[in-house]
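Subject: The structure I promised you

Hi there,

Here is the structure I said I would pass on, with the sequence alongside. Have a look at it first, and then read on for what I found.

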Amino acid sequence: MSTAAIALGVAIATPLLIKAFARSKGPARTTTIPHADERVVIIGASSGIGSELARIYAERHAHVVLVARRMELLQQSVQELAPAASSIHAVQGDVTLPEDVRRITLESLKALGGKVDTLIICAGIISVLPFAELAGIDSAKPAVSESDYSHLLPTDPDKALEASTRIMNVNYHAPLNLASHFLPALTQTSAAGNIIVVSSMAGKVGAPTRSIYCASKHAAQGFFDALGMEVERTGVHVGIVSPGTVATDLRQSAVDLPKADATSSTETVPPMKVAGTKKGAMTAKACAEGIVRGSDLRQHEVIMPWFYHVSIVLQIVSPSLVRWLAKKKYGYL
Ligand SMILES: NC(=O)c1ccc[n+]([C@@H]2O[C@H](COP(=O)([O-])OP(=O)(O)OC[C@H]3O[C@@H](n4cnc5c(N)ncnc54)[C@H](OP(=O)(O)O)[C@@H]3O)[C@@H](O)[C@H]2O)c1
């Protein structure tokens, strides 16, 4: 058999094996926790995927807490979804602030009668500039003779470091801190506690113009993968969701574009053209449905859409092909 045929066989068989092993052992969670009894906290529920998650859980009559900074958007959802949900509350907070995370935890527990079954960490921000452009690295600059070599330094290294700090705070440190605050309640008050983290395919493979974002999602994946193994024996399940592109306004939160990271919906961010096509993007609704299914089935890994399983396999079998595909998508060929 040729190497190509073996590679093809592996590429087809492995996603099926991944799927088979992705689900944790034990009874389906929906039998342990009926929909109407489930107590869910959604972090990053004011827009995009998070607001669709809020809708699904409310329509399943769950007890829901919605968390984000833009309180007016959360309140709109509360008003709209209150007739369907068993109970629904909004809690305003910035997850990068330790004092807010403590308050979010206590207020969520109060709203849910002291019990929580599902924590979904969906808050996230992105970066969209090539790293060299952000840091002010001009490779085309003509060499000039200076004795101190300062002409060879980047012009904006602080800008790159600041963007990285901001994105790591939201996408990695905040999820870690939220997990730490909610774990005692998930362990002690739920029959089958779940932490679901919305990562990204950017946490699995690299992509040009997304270097800092990829770093933050890789960090979150590593942490939650390991945490899942540590807490499994306490009955708490950790699931990591890696969607491909989803049609939301995430790009407008880019830390490296002007007026990024808006703290108020009244602050308007002008639409920007950024690298990377949204062609074939999933809807936020479809993504949220996949996340809820993954939580119900207690899957360790949810990769969406399904064909991205192939890129996980190709990453091992043919990394250069994956790099070629990523470069093509972001216009780097
Ligand atoms: N869109 C995609 O193509 C895509 C693909 C893969 C993965 N994802 C991931 O999916 C998640 C949701 O993104 P989305 O696409 O739905 O974008 P989105 O509409 O911009 O949603 C981001 C959410 O995060 C919240 N958030 C951001 N910073 C926060 C902070 N400091 N404190 C509290 N909440 C904060 C935002 O609320 P406030 O601004 O009101 O605080 C908002 O509710 C992210 O983790 C993202 O990385 C998205």
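A residue counts as buried here when its relative accessible area is under 20%. Keep that cut-off in mind for Thr 209, which has a relative accessible area of 6% and is therefore buried. Please also bear in mind throughout that this is a predicted model.

Let me stay with Thr 209 for a moment. This residue sits in the loop that runs between β5 (194-198) and α8 (211-231). Its phi is positive, at about 75 degrees, although Thr 209 is not a glycine. The side chain of Thr 209 makes a polar contact of 2.8 Å with the side chain of Arg 210. Which residues does Thr 209 touch, not counting those up to four places away in sequence? They are Ser 127, Val 128, Leu 129, Pro 130, Ala 275, Tyr 330 and Tyr 332.

Now the overall picture. The chain has 333 residues, and 48% of them count as buried. Its secondary structure consists of eleven helices and seven strands. If you take the contacts between residues at least 6 apart in sequence, 74% of them join residues at least 24 apart. The accessible surface of the chain is about 16500 Å², and carbon and sulfur atoms account for 60% of that.

On to the interior. In soluble globular proteins, nonpolar side chains tend to be buried together. In this model, the largest nonpolar core has 33 residues, and those touching the most other members are Ile 42, Ile 49, Leu 53, Tyr 57, Leu 66, Ile 120 and Ile 291. At least two residues of this core come from each of β1 (39-43), α3 (48-59), β2 (63-68), α4 (71-81), β5, α9 (284-296) and β7 (301-304). The element that gives the most to this core is α3, with six residues.

Not counting residues up to four places away in sequence, Ile 42 touches Gly 50, Leu 53, Ala 54, Tyr 57, Val 64, Val 65, Leu 66, Val 67 and Ile 120. Apart from this core lies another one, of 30 residues, which includes Leu 109, Ala 220, Phe 224 and Leu 227.

You will also want to look at the ligand. There are 29 residues around it, and the ones that come nearest are Arg 69, Arg 70, Tyr 213, Val 246 and Thr 248. Sorted by class, the shell around the ligand has 13 nonpolar, twelve polar and four charged residues. Both α3 and α8 supply at least two residues of that shell.

- Tyr 213 places a polar side-chain atom 2.6 Å from an oxygen atom of the ligand.
- Asp 94 has a polar side-chain atom 2.9 Å from a nitrogen atom of the ligand.
- Lys 217 has a polar side-chain atom 3.0 Å from an oxygen atom of the ligand.

How much of the ligand does the protein bury? Taken alone, the ligand exposes 870 Å², and the protein buries 95% of that.

Finally, a few backbone details in the loops. Met 304 and Pro 305 are joined by a cis peptide bond, with omega at about -15 degrees. Pro 305 belongs to the loop between β7 and α10 (308-317). Arg 298 is not a glycine, yet its phi is positive, at about 50 degrees. You will find Arg 298 in the loop between α9 and β7. Is Arg 298 buried or exposed? Arg 298 counts as buried, because its relative accessibility is 13%.

Pro 154 is in the loop between α6 (131-135) and α7 (157-189). With a relative accessibility of 33%, Pro 154 counts as partly exposed. Leaving aside its neighbours within four places in sequence, Pro 154 is in contact with Ala 135, Gly 136 and Ile 137. Although Pro 154 and Ala 135 are 19 residues apart along the chain, their C-alpha atoms are separated by 6.1 Å.

Methods. Residues numbered from 1 in each chain as written. Predicted model: local features only at pLDDT ≥ 70, side-chain atom pairs only at ≥ 80, totals over all residues. Heavy atoms only, no water. Helix = DSSP H or I, 4+ residues; strand = E, 2+ residues; numbered from the N terminus. Buried < 20%, exposed > 50% of the residue type's maximum accessible area, 1.4 Å probe, protein only. Polar contact = N/O pair within 3.5 Å; in protein donor to acceptor, adjacent residues only side chain to side chain. Contact = heavy atoms within 4.5 Å. Core = buried A, V, L, I, M, F, W, Y, C linked by side-chain atoms within 4.5 Å. Near = heavy atom within 4 Å. Areas by Shrake-Rupley, 256 points an atom, 1.4 Å probe, with all protein chains shown as cover. Nonpolar A, V, L, I, M, F, W, Y, C, P; charged D, E, K, R; others polar.
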